[in-house]
Amino acid sequence: MTAPLSLRTRRLVLRPLLPGDAPALVAYRDLPEVARYQSWTSFDLDTATRFVARQADVIPDTPGSWLQLAVVLAATDEIVGDVGLHFRADDPQQMELGITLAPAHQGVGLGREAIEALLGYAFGTLGKHRVIAITDADNDAAARLFERVGLRREAHYVDAVFFKGAWGSEYLFAMLRREWRPHP
Ligand SMILES: CC(C)(COP(=O)(O)OP(=O)(O)OC[C@H]1O[C@@H](n2cnc3c(N)ncnc32)[C@H](O)[C@@H]1OP(=O)(O)O)[C@@H](O)C(=O)NCCC(=O)NCCS
């Protein structure tokens, strides 16, 4: 059996979700400002418990799976968010990333730290060819984050998804392995 995936950054540990994490996920995922551009509207304890339970069987780099990791402050062990790694079924050389941070821990560069660690894992460890991220076109904080870490805004899909009762637009960001610069 391989060791569970764990990535360390200056301030963070990214590690698999554990059954006891469900209440911590609810505390930020259920906030309207966090859910606004995400696939969910509310995120109650039952949802969180099932979400964490589904992760128990996910093996990293399995085509067609989403691996969800907790974003934990290394100094205090507090869960401050989570990241998603989508190992694409249609092309195993490509991955999609997602991230959610609790509002109390936004605006201090933790998102950047987490995404840079994921790029290191995707390109450096797994040798993937291309990493993408898709954001709601109104989600300025997410767009700034992905551009700040060096992803290129490659597509603007206009009114392309029916989302929470209205047509919504999305950006697609991407980086190739040859463009990736490992972060010290
Ligand atoms: C998307 C999201 C993760 C971005 O979080 P974030 O905290 O803004 O991201 P970063 O870690 O890059 O922080 C950057 C901000 O912190 C500031 N900052 C402060 N100290 C910093 C440091 N040491 N290093 C880097 N940035 C720092 C930056 O100036 C920047 O501010 P700005 O965005 O106003 O320019 C967050 O908005 C979120 O969780 N939203 C809800 C969920 C969501 O919509 N997710 C996106 C799905 S694709």
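Modeller: Let's start at Leu118. Leaving aside residues up to four places away in sequence, Leu118 touches Leu7, Leu14, Leu69, Val83, Leu85 and Leu97. Keep in mind that you're looking at a predicted model.

Leu118 belongs to the largest nonpolar core, which has 37 residues. Along with Leu14, Val83, Leu85, Ile115 and Leu119, Leu118 is among those that touch the most other members. Several elements each supply at least two residues of this core, including strand S2 (12-16), strand S4 (79-87), helix H4 (110-125) and strand S8 (166-176). H4 gives the largest share, 9 residues.

Together with Trp40 and Phe51, Phe43 forms one aromatic cluster. The charged end of Arg29 sits over the ring of Phe43, 4.8 Å from its centre.

Across the whole structure, a search finds 6 aromatic pairs. In one of them, Phe162 and Trp167 have ring centres 5.2 Å apart and planes at 75°, so that pair is edge-to-face; the cut-off for that label is over 60 degrees. Both Phe162 and Trp167 are exposed. Tyr171 and Phe173 also make an edge-to-face pair, because their planes are at 75°, with the ring centres 6.2 Å apart. Here, though, Tyr171 and Phe173 are both buried. Tyr171 has a charged neighbour as well: Arg153 lies over the face of its ring, at 4.2 Å from the ring centre.

Another arginine to look at is Arg130, in strand S6. Is Arg130 buried or exposed? With a relative accessible area of 18%, Arg130 counts as buried, because the cut-off for buried is under 20%. Its side chain makes a polar contact with the side chain of Glu154, at 3.0 Å. Not counting residues up to four places away in sequence, Arg130 also touches a list of others, including Arg88, Phe123, Leu172 and Met175.

Next, find the ligand. It is surrounded by 19 residues, and the closest are Ile99, Leu101, Gly107, Gly111 and Arg148. Leu101 has a polar backbone atom 2.7 Å from an oxygen atom of the ligand. A backbone N or O atom of Leu110 is 3.1 Å from a ligand oxygen atom. Gln38 comes in through its side chain, with an N or O atom 3.5 Å from a nitrogen atom of the ligand.

Finally, look at two loops. Most residues other than glycine have a negative phi. Asp61 isn't a glycine, yet it has a positive phi of about 70°. You'll find Asp61 in the loop between helix H3 (45-55) and S3, where it is partly exposed, at 30% relative accessible area. Asp77 also has a positive phi of about 70° without being a glycine. Asp77 sits in the loop between S3 and S4 and, at 59% relative accessibility, counts as exposed.

Notes: Residues are numbered from 1 along each chain as its sequence is written. This is a predicted model: local features need pLDDT of at least 70, side-chain atom pairs count only at pLDDT 80 or more; totals for chains, interfaces and linings use all residues. Side-chain values use heavy atoms; hydrogens and water are left out. Rings of Phe, Tyr and Trp (its six-membered ring) pair if their centres lie within 6.5 Å; planes under 30 degrees apart count as stacked, over 60 as edge-to-face and the rest as tilted. Buried means under 20% relative accessible area, exposed over 50%, partly exposed in between (1.4 Å probe, protein chains only). A charge sits over a ring if NZ of Lys or CZ of Arg is within 6 Å of the ring centre and within 35 degrees of the ring normal. A nonpolar core is a set of buried Ala, Val, Leu, Ile, Met, Phe, Trp, Tyr and Cys residues joined through side-chain atoms within 4.5 Å. Helices (H or I, at least four residues) and strands (E, at least two) are DSSP runs, numbered from the N terminus. Contact means heavy atoms within 4.5 Å. A residue is near a molecule or strand if one of its heavy atoms lies within 4 Å of it. A polar contact is a pair of N or O atoms within 3.5 Å; within protein, one must be able to donate a hydrogen and the other to accept it, and residues adjacent in sequence count only if both atoms are side-chain atoms.
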